[in-house]
Each structure stands twice: as C-alpha cells, then as structure tokens.
Amino acid sequence: MGYGNIKKFSYEMPSALKEELIRKDGYLYIPDSYPGNVDKMAYFFLGAGTDISSFVCEGKAGDFFFKKVVDYAVDKNQIPKDIAICFLSHCEWDTSEHSCSKEDEIRMGRCFIKNLEEYVLPKVENEILPKILPEFEIKRENRVFTGFSFGGALLMEGLDKLDHLCRNFAILSGYHLKKIEKPFKETREILKEYGKALYNGKTFSDVLLIGITGVNDIAYEEMKSEFEILSVLGILEKKNLIFMEVSQGMHSYFEAAYYFVMALEIIFNGMR
C-alpha cells in the first residue's frame, strides 16, 4: 500500500535573525496513483525543536511513520485521494541539536508566518506541483493549514494574517502564544478585551477552526479554555468552531499524525 511519494524541496525566505535570505527544506507528499486532478492541499507545520528531515524520513515519528498513517487513511477513504501534503518547519536550523532561546524560537515562527504567502506558497503551488500534477490548482476553500504544538500556536496567533489564504485551520495540541489564565473563570467584559487583543477586533465569518488534543496532553487545559473563550466571544461562527478531545492522547508526533487525519476527515468528509 502506498498512495503517495515523499519529495524533498528547497526554498528561500528571509531570516528572522539575520539580514539575509536563507535556504530551507520542506517535504511534499504527492499522490502518484490518482488518475484525476489534485485540487486539495494540506500544510503541516512542525513544532519547536524538530528537525524536519528526521521527522519526515526517520526521526520522531519513526520510519516514514506520518506517510504510512496518511497512506492508510487514503486507503480507508478517511481522507481524499486527490490531496497533496506539505511539511514545513519555522526553524532556521536543527534546534533539536543546537538549541535556541524561546525568544528566538518565537521570532523565527512569526517571521515564517509573515513570509509564508510570498515565499513558500508560490514555490510549492506555482512551481513544484504544477510540474508533477496535471492541471494543479488550489482554491482557498480546499487549502488546509494544520500545526502541531508550537506550529499550532503560530497558526492561532496568525489567524488574522492567513484567513485570506485559507478557510480551514486545524490546531493540533497547540494554543495561542498569548496564554490565558486558567481555569476558565473570566468575566464577559474581560473576555471582550482579551478578544480584541487576540485579533484586533477582527471576526471570521467563514473560517473553520478545529482544535484536537488528548486529555493527557500538556496543552489540553489551555486549548480547552481558549476554545471556550473563542466560542463566548463570537470571533468565529459557532458552527465553524470545533474542539475535540481524544481519550488518553499524549503530546507526541505519533498522536499528531492521527489528529491530522481526523482534521482532514472533518474538513473534507464532513465528519463531526
């Protein structure tokens, strides 16, 4: 069984820490046995301290573990066959071996989100995939941004900067960088001020925001409270705000692979 192949690619983007362009690597999962047009695209943003090469090929999730999970999900019709997947990291070096400060990690993450539209998406969707897949074209409603842990935090924070590119967001065991106080006991007026600070008063009429985490995950309490706040504030339509808790789920890339499939199943198959 194997519906897709893994392809490594390189791209350039501005560094968060230096006044220069840097070259970074990404990976694509490209369906090679689907005869029709591929018109769906999912992006997976890695968490902090993860080397993207070892993650995709052999590292934290095992020998091509993520690919195997996706192949299985395609085979069982959990997710569409006509989808390509892109794995990306905000890190400018392998921070699992050469650590960086929390401040630099956040600077790299915010720089990555800021430059995603100009440097990353055109490389993937306008250069690489059209050469491989016939009639490749992605519309906003068929693009998905997902992120695990810190990658999810970057998506939560950058929602108001990315919603014109993408309708579907899945936060996998991550929460906004502006952490809230727990437990969830804020008054409505305080929540309104918090909401204004989150997205400068912006609301999202058609954005679908999915949160998935395990009850034993270190991000569980923060995520649960944050989605409760978003629901109270009305920043998103309640029908487009989905929070799912998985029994026994932990904070690891093994769980993240399955959360990723769950999110795509909700988005494209309407599973609620």
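Modeller: This is a predicted model. Start with a pair of helices: helix 2 passes helix 8 in a right-handed crossing.

Colleague: Which residues of helix 2 and helix 8 make the contact?

Modeller: Helix 2 contributes Phe65, Phe66, Val69, Val70 and Ala73, while helix 8 contributes Phe254, Ala256, Ala257, Tyr258, Phe260 and Val261. Sorted by class, this contact has 11 nonpolar residues, with no polar and no charged ones.

Colleague: At what angle do helix 2 and helix 8 pack, and how far apart are their axes?

Modeller: The angle between helix 2 (residues 65-75) and helix 8 (residues 253-269) is about 30°, and their axes lie 10 Å apart. Angles under 35 degrees count as roughly parallel, so helix 2 and helix 8 are roughly parallel to each other.

Colleague: Now the cavities. What is the general idea?

Modeller: Rolling a probe the size of a water molecule over the atoms shows where empty space is left. Here the structure holds one cavity of 30 Å³ or more. The largest cavity has a volume of about 40 Å³.

Colleague: Which residues line the largest cavity?

Modeller: Its lining consists of Met13, Pro14, Ile22, Lys24, His90, Glu92, Met108, Cys111 and Phe112. By class, that lining has six nonpolar, one polar and two charged residues.

Colleague: Which element supplies the largest share of the lining of the largest cavity?

Modeller: Helix 3 does, with three residues. Strand 1 (4-14), strand 2 (21-31) and helix 3 (102-132) each supply at least two residues of this lining.

Note on methods. Residues numbered from 1 in each chain as written. Predicted model: local features only at pLDDT ≥ 70, side-chain atom pairs only at ≥ 80, totals over all residues. Heavy atoms only, no water. Axes fitted to C-alpha atoms, helices over the stretch in contact; angles between N-to-C directions. Helix = DSSP H or I, 4+ residues; strand = E, 2+ residues; numbered from the N terminus. Parallel < 35°, antiparallel > 145°, perpendicular 65-115°, else oblique. Left-handed = near helix turned anticlockwise from the far one by under 90°. Contact = heavy atoms within 4.5 Å. Nonpolar A, V, L, I, M, F, W, Y, C, P; charged D, E, K, R; others polar. 1 Å grid on protein atoms, 1.4 Å probe; cavity = no way out; pocket = protein on both sides within 12 Å on 5 of 7 lines; lining within 4 Å. Points joined across faces, edges and corners; volume = space filled by probe spheres on them.
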